[in-house]
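Here is a short report for a first look at this structure. Read it with the sequence and the 3D view side by side.

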Amino acid sequence: MSLAVQPGSAEVPDVELLHAVARGDEGALARLYDAYRVILFGLLVRILNSREEAEDILQDVFIQVWRRAKDFDEKRGRPFTWLVTLTRSRAIDRLRLLSARQRLVTGAAQEQTEVVSDALTDTIRGSQKEIVRRALAELPEEQRHTLVLAYFEGLTQSEIAAKLGAPLGTVKTRMRSGMIKLRTLLGSQLENFG
Amino acid sequence: MTHDDYRELLAAHALTALDAENTRALNTHLESCADCRSEMNDWQDAVALLALDPNPVEPSPNVRERILASARAEGDAGRPANDRAVAIASSSESPGESKVLAFELERPPRNIWTSLGALGAMAATLAFVALIISLIVLWQQNRATQKELARLSTETRQARAQLDHERVVVELLTSPDAHMAKLSGTNAAPGAHAMLAYDKNGHAMLLAKGLPAAPKGMAYQLWYIKDNKKMPGKMFVPDAAGNGILEDQIPPVARDQAVFAITLEPESGVQVPTGSIYLLSAS
């Protein structure tokens, strides 16, 4: 992986890569893919718990990037946020499409995925990743659990309340408090990342 | 709800955790409130960082190949002509083409127009040339707009068809007696996979991914196999990305304990499989 395309530290900024993709530059699409594939694929595997489904969505996401890069507006958000939002949105849609039975079967099987090497992980924003993990770990358990259920399982506040057997108001408070604390803990990263 | 009430919802909205009613109300508010839109962007930036929490995982190399092949296939057909022109003009690999454009626009007038006596004719000719250039520009813009409209229309049709198919799949999956079978790629198509969902009435929907392009005159055919009896299903041709969708009716005898397969056959279809098996369900 080239240092030039790593998120947030790019010699060619991600915004320019997206503009190049919008002009039909396949090389720029390949560089964006190379820069973000392991992060986005890790997210997809975590949400879908299936390499097969995750590869399917990863392919769809980058085809959407190819088609919709011209819609990206840097005034409205960062490239990293745009890519992650698109990826997670597709993953949650797929998750909801899958039947409860299939999810149960897949969950029971807990597909094993090969995590990339530590060296590569370090190269890919290892320190930022560690900061995100530490920030999550600093949240009170009930707040962290609420955020994880929403982000990685795509559950709404009502669904979380039903799943946990907690009052809806409690779930709303936990979610907002957790998000406020998380944003505070990640403050410097928000300034630095892509 | 007041402005402050909407602000309270922003963090949960960034997590897409609001219920449908609140989502609709907040989206309507966001259209008219720049402050909330700005704060929403901040929340989305924070939420996006959660993507760094899972362990990074390496996808198969053929995903990259499939993405770039799809982009290449769509590249010329799917993009408006003016987008391609910008790409060519800005590309450092094709300076020749941009020079040609510049030369043609800056071509100097011929010597005949330097004659003082021909000033009137020159003015008239310049006006005529300007008119012709304007017409060409307008014609090109019109052509580009028509292409863009055609592209958007095609995308809309495809999106609507995809939605219809997904709606059918969801209905199938959520019906009380839903069945689902996974088909895996054989050696003929190791990167391919498919899902066949069907209900108790045999109404079935197949979603296939990663299939090789079908040669001219050929198409993929679905087969229902029960007790070694092979029953033909419908045909389909995958798109440039290797995705195929097929709606079919499963014969009553094949709705229980059947094996499903996809073979490559002449596009008119056959009654007995003749080609290689590309996808196969577990027996």
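## Chain A at a glance

Chain A holds 11 helices and 0 strands. Helices here are DSSP runs of H or I with at least four residues, strands are runs of E with at least two, and both are numbered from the N terminus. Read from the N terminus, the elements of chain A go α-α-α-α-α-α-α-α-α-α-α.

This is a predicted model, in which local features need pLDDT of at least 70, side-chain atom pairs count only at pLDDT 80 or more, and totals for chains, interfaces and linings use all residues. Residues are numbered from 1 along each chain as its sequence is written, while chains are lettered from A and ligands numbered from 1 in the order in which they are written.

Of the 194 residues in chain A, 43% are buried. A residue is buried if 20 or more other C-beta atoms lie within 10 Å of its own, exposed if 12 or fewer, and partly exposed in between, with C-beta atoms placed from the backbone. Among the contacts in chain A with a separation of 6 or more, 70% join residues 24 or more positions apart. Two residues are in contact if their C-beta atoms, placed from the backbone, lie within 7 Å.

## Two packed helices in chain A

How do helix α1 and helix α2 of chain A pack? Helix α1 (residues 14-22) meets helix α2 (residues 26-48) at an angle of about 140°, and their axes are 7 Å apart. That angle makes α1(A) oblique to α2(A). Axes are lines fitted to C-alpha atoms, for helices over the stretch in contact, and angles run from 0 to 180 degrees between N-to-C directions. Angles under 35 degrees count as roughly parallel, over 145 as roughly antiparallel, 65 to 115 as roughly perpendicular and the rest as oblique.

On the α1(A) side, the contact is made by A:Leu17, A:Ala20 and A:Val21. On the α2(A) side, A:Ala28, A:Leu29, A:Arg31 and A:Leu32 take part. By class, the residues of this contact are 6 nonpolar, no polar and 1 charged. Ala, Val, Leu, Ile, Met, Phe, Trp, Tyr, Cys and Pro count as nonpolar, Asp, Glu, Lys and Arg as charged, and the others, Gly among them, as polar.

## Where the chains meet

The contact between the chains takes 63 residues from chain A and 51 residues from chain B. On the chain B side, the elements giving two or more residues include α1 (3-14), α3 (34-48) and α7 (119-174). α4(B) gives the most, with 10 residues. This side of chain B has 28 nonpolar, 9 polar and 14 charged residues.

## The sheet of chain B

Chain B has an open sheet of 8 strands, in the order β5-β4-β7-β8-β1-β2-β3-β6, with antiparallel pairing. Strands pair if DSSP finds at least two bridges between them. β5 (229-236) and β6 (244-249) stand at the edges, each with a single partner strand, so one side of each has no neighbour in the sheet.

Strand β4 (residues 218-226) of chain B runs antiparallel to β5(B), joined by 6 bridges. B:Gln221 stands opposite B:Met235 in β5(B).

## Two loop residues with positive phi

Most residues other than glycine have a negative phi. B:Asn228, in the loop between β4 and β5 of chain B, has a positive phi near 70°. With 6 C-beta neighbours inside 10 Å, B:Asn228 counts as exposed.

B:Thr16 has a positive phi of about 50°. This residue lies in the loop between α1 and α2 (20-32) of chain B. B:Thr16 counts as partly exposed, with 17 C-beta neighbours inside 10 Å.
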